[in-house]
Amino acid sequence: MVMHPWATLWATAPDGATPFNRGSVFAQKAASPNIEAMVVAGAAGSLYGAPSTTNSIYAAVIVNSLAGSWSVQDQKTLGTSFGYFNPDRG
């Protein structure tokens, strides 16, 4: 079994792109709540508890202007994704 540090953000860079570097716990702390807001129950625009689409139980339509949406959380700091990943790969 492989053990991983508890304070690790997992992110995937697009095919052919330079992988993201792992940051320290302190460097990652800004991104963590921005990512978490997308899956918190009751957060406006979050995936958790969102109704599924009519053609897939695994997909949901999220209004991109709501606070917990990918669009809002991803652009917390201009030029980065989620206020951490640089450059923006969204």
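**Entry 1: layout.** I counted 3 helices and 2 strands in the protein, taking helices (H or I, at least four residues) and strands (E, at least two) as DSSP runs numbered from the N terminus. Along the sequence I read the pattern α-α-β-β-α. I noted that this is a predicted model, where local features need pLDDT of at least 70, side-chain atom pairs count only at pLDDT 80 or more, and totals for chains, interfaces and linings use all residues. Residues are numbered from 1 along each chain as its sequence is written, and side-chain values use heavy atoms, with hydrogens and water left out.

**Entry 2: totals.** I found that 23% of the 90 residues are buried; buried means under 20% relative accessible area, exposed over 50%, and partly exposed in between (1.4 Å probe, protein chains only). The accessible surface comes to about 6,600 Å², and carbon and sulfur atoms hold 61% of that (Shrake-Rupley method, 1.4 Å probe; for residues, only the protein chains shown count as cover). Of the contacts with a separation of 6 or more, 33% join residues 24 or more positions apart, a contact being heavy atoms within 4.5 Å.

**Entry 3: strands.** How do β1 and β2 pair? They run antiparallel over 2 bridges, with β2 covering residues 56-60; a pairing needs at least two DSSP bridges. The two strands form a hairpin with 2 residues between them. I also looked up Ser 52, whose bridge partner in β2 is Ala 60.

**Entry 4: core.** Which residues make up the largest nonpolar core? I listed 5: Ala 31, Met 38, Phe 82, Tyr 84 and Phe 85. Such a core is a set of buried Ala, Val, Leu, Ile, Met, Phe, Trp, Tyr and Cys residues joined through side-chain atoms within 4.5 Å. Leaving aside residues up to four places away in sequence, Phe 85 touches Ala 11, Phe 20, Ile 35, Gly 79 and Thr 80.

**Entry 5: rings.** I got 1 aromatic pair by this rule: ring centres of Phe, Tyr and Trp (its six-membered ring) within 6.5 Å, with planes under 30 degrees apart called stacked, over 60 edge-to-face and the rest tilted. Trp 70 and Phe 82 are the partners, edge-to-face at 5.0 Å centre to centre and 85° between the planes. The pair links distant parts of the chain, 12 residues apart: Trp 70 sits in helix α3 (residues 70-74) and Phe 82 in the segment after α3. Phe 82 counts as buried because its relative accessibility is 6%. I flagged its phi too, near 60°, a positive value in a residue other than glycine.

**Entry 6: Ser 81.** Ser 81 also lies in the segment after α3. Is Ser 81 buried or exposed? It is buried, because its relative accessible area is 6%. The Ser 81 side chain makes a polar contact with the side chain of Asp 74 at 3.1 Å (N or O atoms within 3.5 Å; within protein, one able to donate a hydrogen and the other to accept it, and sequence neighbours counting only if both atoms are side-chain atoms). From Ser 81 to Ala 31, 50 residues apart along the chain, I read 8.3 Å between C-alpha atoms.

**Entry 7: Ala 37.** I placed Ala 37 in the loop between α2 (31-36) and β1 (52-53). At 18% relative accessibility, Ala 37 counts as buried. Ala 37 touches Ala 43, Ser 46, Gly 68 and Gln 73, not counting residues up to four places away in sequence. Ala 37 and Trp 70 are 33 residues apart in sequence, with 9.0 Å from C-alpha to C-alpha.
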